[in-house]
Amino acid sequence: MASGEAVSMYRALLRATRKTFAGDSVMMKASALEIRKTFEENRHLTSKAEIQRVLDDAREASHFISTMIVQAKLNERGGYEVKPVKEHAGATLEVPSEEILQKSV
């Protein structure tokens with residue numbers, strides 16, 4: 001892969017996941033492992049078109065993680081709170097069912 005741009009995108013993805021999943025060590029570790037695995041799988045690419053496609057996918061993933069994912073946190077009342085920030089402006093909110101939320105605890 002084009003090393004400079006690949007390293008930059010790798011770091012951007014890690015920053016996006018660290019910010020999005022702050023306080024959720026399970027998600028931070030899992031996402032870091034998945035990012036590493038994906039980049040390792042594509043290390044052998046030599047075609048400029050393939051490299052550009054993979055880097056574009058990484059750029060899109062970083063943007064998606066930063067703008068479309070918000071962590072819900074369990075509050076002291078037993079409910080979940082979502083605190084979107086300015087990066088989430090314009091995004092739509094999909095609230096998971098209580099069943100899904102209970103499985104994640």
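Q: Hi! Does Thr67 count as buried or exposed?
A: Thr67 counts as buried, at 14% relative accessibility. Buried means under 20% relative accessible area and exposed over 50%, with partly exposed in between (1.4 Å probe, protein chains only). This is a predicted model, where local features need pLDDT of at least 70, side-chain atom pairs count only at pLDDT 80 or more, and totals for chains, interfaces and linings use all residues. Residues are numbered from 1 along each chain as its sequence is written, and side-chain values use heavy atoms, leaving out hydrogens and water.

Q: Which backbone oxygen does the Thr67 side chain reach?
A: That of His63, at 2.7 Å. Thr67 is found in helix α3; helices (H or I, at least four residues) and strands (E, at least two) are DSSP runs, numbered from the N terminus.

Q: OK, on to α2. Which of its residues are buried?
A: Ser31, Ile35 and Phe39. Seen down the helix axis, they fall within an arc of 65°, so they line one face of α2. The arc is that of the directions from the helix axis to the C-beta atoms.

Q: And which residues are exposed on the other side of α2?
A: Ser25, Val26, Lys29 and Leu33.

Q: What covers the buried residues of α2?
A: The cover includes α1 (3-20) and α3 (48-68).

Q: New topic: where is Asn75?
A: Asn75 is in the loop between β1 (72-74) and β2 (80-82). At 11% relative accessibility, Asn75 counts as buried.

Q: What is Asn75 in contact with, leaving aside neighbours within four places in sequence?
A: Tyr80 and Glu81, where contact means heavy atoms within 4.5 Å. The Asn75 side chain also reaches the backbone nitrogen of Arg77 at 2.9 Å.

Key: Polar contact = N/O pair within 3.5 Å; in protein donor to acceptor, adjacent residues only side chain to side chain.
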